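The following exercises are to be worked with the sequence and the structure at hand. Each task is followed by a solution in steps.

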Amino acid sequence: MAQRRYNQAVQKYSIFSLVRNALTGHRNWRAAWRSPEPRPAYDVVIIGGGGHGLATAYYLASVHGVANIAVLEKGWLGGGNTGRNTTIIRSNYLWDESAALYEHALKLWEGLSQELNYNVMFSQRGVLNLAHSESDLRELSRRVNANRLNGVDSEFLDTAQVAAYCPLIDCSPDRRYPVLGASLQRRGGVARHDAVAWGYARAADARGVDIVQNCTVTGILRDGGRVTGVETSRGVIKAEKVAISAAGHSSVIAAMAGIRLPIESHPLQALVSEPVKPVLDTVIMSNAVHAYISQSDKGEMVIGGGIDPYVSYSQRGGYDQIEEAVRAVVELIPSFSRLRMMRQWGGIVDICPDASPIIAKLPLEGLYFNGGWGTGGFKATPGAGHLFAHTIARDQPHALNAPFTLERFNTGALIDEHGAAAVAH
Ligand SMILES: Cc1cc2nc3c(=O)[nH]c(=O)nc-3n(C[C@H](O)[C@H](O)[C@H](O)COP(=O)(O)OP(=O)(O)OC[C@H]3O[C@@H](n4cnc5c(N)ncnc54)[C@H](O)[C@@H]3O)c2cc1C
């Protein structure tokens with residue numbers, strides 16, 4: 001019944017609708033989502049229209065049957081980190097809690113285009129993590145074994161196998177950082193970032209979610225120990241429950257409710273080269289030289305590196321980080337020294353001390369938080385939305401996000417992915 005209502009509300013994308021619309025000059029496509037005025041009150045208000053906020057709204061409506069939801073976005077959908085990231089998706093994390101969380105997300109990615117009837121261009125082209133030292137090798141083999149015990153696909157490649165798998169990589173022994181081996185997750189890959197936000201927005205809108213862009217949340221309303229709504233640039237909106245999903249501004253928004261989070265916000269940059277013909281059909285990551293690279297469907301090399309070391313809310317970063325990332329890429333793939341760089345940009349990543357996220361209730365009745373994903377939250381988008389929706393609807397965490405509390409920073413039950421892998425993209 002719910003599925004039938006959904007099919008009626010949304011124009012299904014298919015070869016037939018494409019042909020039908022081609023015959024009428026493509027003038028009759030319906031807008032993918034509405035632009036409603038915000039209503040005075042909702043059951044759930046979600047702050048942040050990135051992939052996570054939109055996925056949360058979608059699963060609240062589709063899995064939990066919550067009818068009265070608004071997503072408030074201060075800019076445009078996906079204009080935060082969702083539209084700025086390098087889109088690496090993998091689930092080969094070391095610790096049991098993380099592996100379970102990211103594997104849950106990866107399984108949802110595998111059916112996402114079909115579920116949303118929207119091509120998110122998820123491409124399982126494999127993710128290669130290179131080892132350049134004895135300690136890298138030990139860390140990688142420990143991680144490969146831990147992944148296998150957790151049912152996550154992961155394999156170890158020696159230098160010759162790396163050279164055969166990706167001939168572009170310079171595997172000669174006289175490099176400053178010789179390639180000694182690698183871990184490979186074949187089910188990992190990349191997806192089209194904007195499409196993820198748009199696909200969730202369209203599916204959530206079809207289920208009645210109000211998506212309100214250009215609406216900045218400026219305050220969180222409280223009555224005693226419980227939340228009652230939000231103040232916004234478009235007026236006061238009452239809500240039974242308020243869910244924060246505003247990566248980059250997590251601490252700013254939590255502070256509106258008088259809550260201090262153990263989160264630092266740093267700029268993280270990425271850049272793309274001029275487009276070239278397909279040459280790289282996998283994702284390469286290296287912690288030692290500190291770069292990661294993949295080729296987009298347009299042909300650009302998508303390159304990222306480390307965070308800028310200072311805290312900042314500016315969506316830009318220092319030139320030294322770009323220089324470092326490019327130097328690292330050329331070290332790995334010398335032929336790319338001839339590529340010209342085309343664009344560079346920055347996002348703001350909010351990082352917890354253990355490099356793991358928080359998906360939990362906050363210590364104010366009716367207030368929920370999803371954030372602290374740092375440099376690696378894009379890959380979690382479907383899983384984070386799914387589990388956050390569960391936490392909001394049931395007022396208690398799902399078993400998979402139960403360890404990802406705020407209290408762990410008091411109890412010491414950290415999920416230390418920082419120690420496990422220096423780069424957590
Ligand atoms: C350069 C870069 C590369 C990255 N690479 C990867 C990668 O390869 N793989 C990976 O898994 N992750 C990666 N990440 C991290 C990933 O992008 C994020 O963890 C993820 O996109 C967070 O999604 P989100 O929906 O929570 O946040 P966002 O997309 O940032 O959404 C939050 C939204 O909240 C809105 N907002 C903020 N304040 C307010 C307010 N007061 N009122 C209303 N709305 C507000 C913002 O405008 C924003 O749109 C990268 C990040 C960057 C910056």
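**Exercise 1: The second largest pocket**

By class, six nonpolar, eight polar and eight charged residues line the second largest pocket. (Ala, Val, Leu, Ile, Met, Phe, Trp, Tyr, Cys and Pro count as nonpolar, Asp, Glu, Lys and Arg as charged, and the others, Gly among them, as polar.) The model is predicted: local features need pLDDT of at least 70 and side-chain atom pairs pLDDT 80 or more, whereas totals for chains, interfaces and linings use all residues. Residues are numbered from 1 along each chain as its sequence is written, and side-chain values use heavy atoms, without hydrogens and water.

Task: State which residues lie nearest the centre of the second largest pocket.

Solution. Step 1: a pocket is an open set of points on a 1 Å grid over the protein atoms alone where a 1.4 Å probe fits, with protein on both sides within 12 Å along at least five of seven lines; lining residues have an atom within 4 Å of a point. Step 2: of the 22 lining residues, Arg192, His193, Ser296, Glu300 and Val302 lie nearest the centre. Step 3: helix 8 (193-206), strand 14 (291-295) and strand 16 (341-351) each supply at least two lining residues. Helices (H or I, at least four residues) and strands (E, at least two) are DSSP runs, numbered from the N terminus.

**Exercise 2: Asp194**

Task: Determine whether Asp194 is buried or exposed, and identify the side chain that its own side chain contacts.

Solution. Step 1: Asp194 is located in helix 8. Step 2: its relative accessible area is 18%, so Asp194 is buried (buried is under 20%, exposed over 50%, partly exposed in between, with a 1.4 Å probe and protein chains only). Step 3: the side chain of Asp194 makes a polar contact with that of Arg192 at 2.6 Å. Such a contact is a pair of N or O atoms within 3.5 Å, one able to donate a hydrogen and the other to accept it; residues adjacent in sequence count only if both atoms are side-chain atoms.

**Exercise 3: Strand 4 and its partners**

Task: Explain why strand 4 (residues 127-131) is described as largely enclosed, and name the strands with which strand 4 pairs.

Solution. Step 1: five of the five residues of strand 4 are buried, so the rest of the structure largely encloses this strand. Step 2: Val127, Asn129 and Ala131 cover one side, and Leu128 and Leu130 the other. Step 3: strand 4 pairs with strand 6 (residues 181-185) in the antiparallel sense over five bridges, and with strand 13 (residues 283-286) in the parallel sense over four bridges. Pairing requires at least two DSSP bridges.
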